[in-house]
Amino acid sequence: MAERLVVFDTTLRDGEQAPGFSMTIEEKLRLARAIEALGADVVEAGFPIASDDDAEAVHRIALTLERPVVAALSRCAPGDIDRAAWGVEPARRGRIHTFIATSDLHLSRKLHMTREACLEAAVAAVQRARGYTDDVEFSAEDATRSDMDFLCRVIEAVIAAGAGTVNLPDTVGYCTPDEIAEFFRTILSRVPNADQATFSAHCHDDLGLAVANTLAAIGAGVRQVECTVNGIGERAGNASLEEIIMATRVRSDRLPVETGIDTRQLYPVSQLLTELTGERVQSNKAIVGRNAFAHEAGIHQDGMLKDRRTYEIMRPEDVGVPQTTLVLGKHSGRHAVQKRCEMFGLTLSRRDLDLVYRRIVAIADRRKHVSDEDLLEIVTSVRGVARRAAADHSLHEAGYGFGV
Ligand SMILES: [Zn+2]
């Protein structure tokens, strides 16, 4: 039986903190609605103490969203918690997410605090937050670099104080997958009241391991994942929501968890974030990149035409990549054909484009829609003829883009 995995989206908080990704309140509201439609269980809307705008955005999102839990971040300080509580107060289901660093490095160099003072602040914060809502999450910042004995004491104490979710971030993206799995297994077996809380992973991508670490954490028993659309976030970003979700879908044999995510919304939400921030995703980004479903090499195209499963482990339509029907009529131009080809990573010489275009128009005379499979077939055939002709005459046309 697949267990339920809670998807905690922090695009509007950790993601929005990253350079280039700040959004206005109206933009945050649009994105929040899209993340609700996507099916995230928890939407972290902001960090209310950080600014009046952030507080206002959290408040408006809490007023607007109907289904997901709306979370607000706060440090373990009374003023922060009160501000976060104000932010989520209108939510049908509001969560206060309070955090404090637990590593000696952060305690001594950043907070100038002893371990005992940290423990007391954590417990007091959770108790105060519980005064506002039953749904309290505690995060131990820099958890993966914290002393294990001390971390276990903190976790036990905050669960006893009423934290229902315990998030253990790999704040600086330092862990390896085997290490984070061992980390969570140790904690789940050592903390006596661990069964009374949901454990959560929050991984950063400094070494490109955020998604791998998140999946390893799921394997070790974590049942909430913190992630962002397009993997945006502090520095190299957070774990990418779309990659985690599709990994659990495509490899449910290895990752037997269920989520409430409608995968067909993954691409539209990714596009909306790009539109709002003007920051494009890299073209080879998994799931949502421009080339994620492109097949350039001729041998791959040939396989795709015979059976898509040869080179495709998921279908573009499953993640909401728009279905690729080419509608061409008498007035459509070569440019439309060229654009469509570019989406597949195909570059056509002028002569090939002309030949492909004429064949498409001939088909469009007979029926309305020319599918992508028709297009790929025509391109393959045109190139095949050209290639044979070129071989026969030992010719090589300059700039001839075989791509095979
Ligand atoms: Zn983070």
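Which strand does arginine 95 lie in? Select strand 5 (residues 94–101): arginine 95 lies there. Strands (E, at least two residues) and helices (H or I, at least four) are DSSP runs, numbered from the N terminus.

This is a predicted model, where local features need pLDDT of at least 70, side-chain atom pairs count only at pLDDT 80 or more, and totals for chains, interfaces and linings use all residues. Residues are numbered from 1 along each chain as its sequence is written, and side-chain values use heavy atoms, without hydrogens and water.

**Stop 1: arginine 95.** Its relative accessible area is 7%, which means buried (under 20%; exposed is over 50%, partly exposed in between; 1.4 Å probe, protein chains only). Now show the side chains of glutamate 137 and glutamine 224. Arginine 95 makes a side-chain polar contact of 2.7 Å with glutamate 137 and another of 3.0 Å with glutamine 224. Such a contact is an N or O pair within 3.5 Å; within protein, one atom must be able to donate a hydrogen and the other to accept it, and residues adjacent in sequence count only if both atoms are side-chain atoms.

**Stop 2: strand 7.** Select residues 165–170. Six of the six residues are buried. Thr165, Asn167 and Pro169 cover one side, Val166, Leu168 and Asp170 the other.

**Stop 3: the neighbours.** Three bridges join strand 6 to strand 7, in parallel; pairing takes at least two DSSP bridges. Phenylalanine 138 has valine 166 as its bridge partner. Next, strand 8 (residues 198–203) pairs with strand 7 over six bridges, also parallel. There, aspartate 170 partners cysteine 203.
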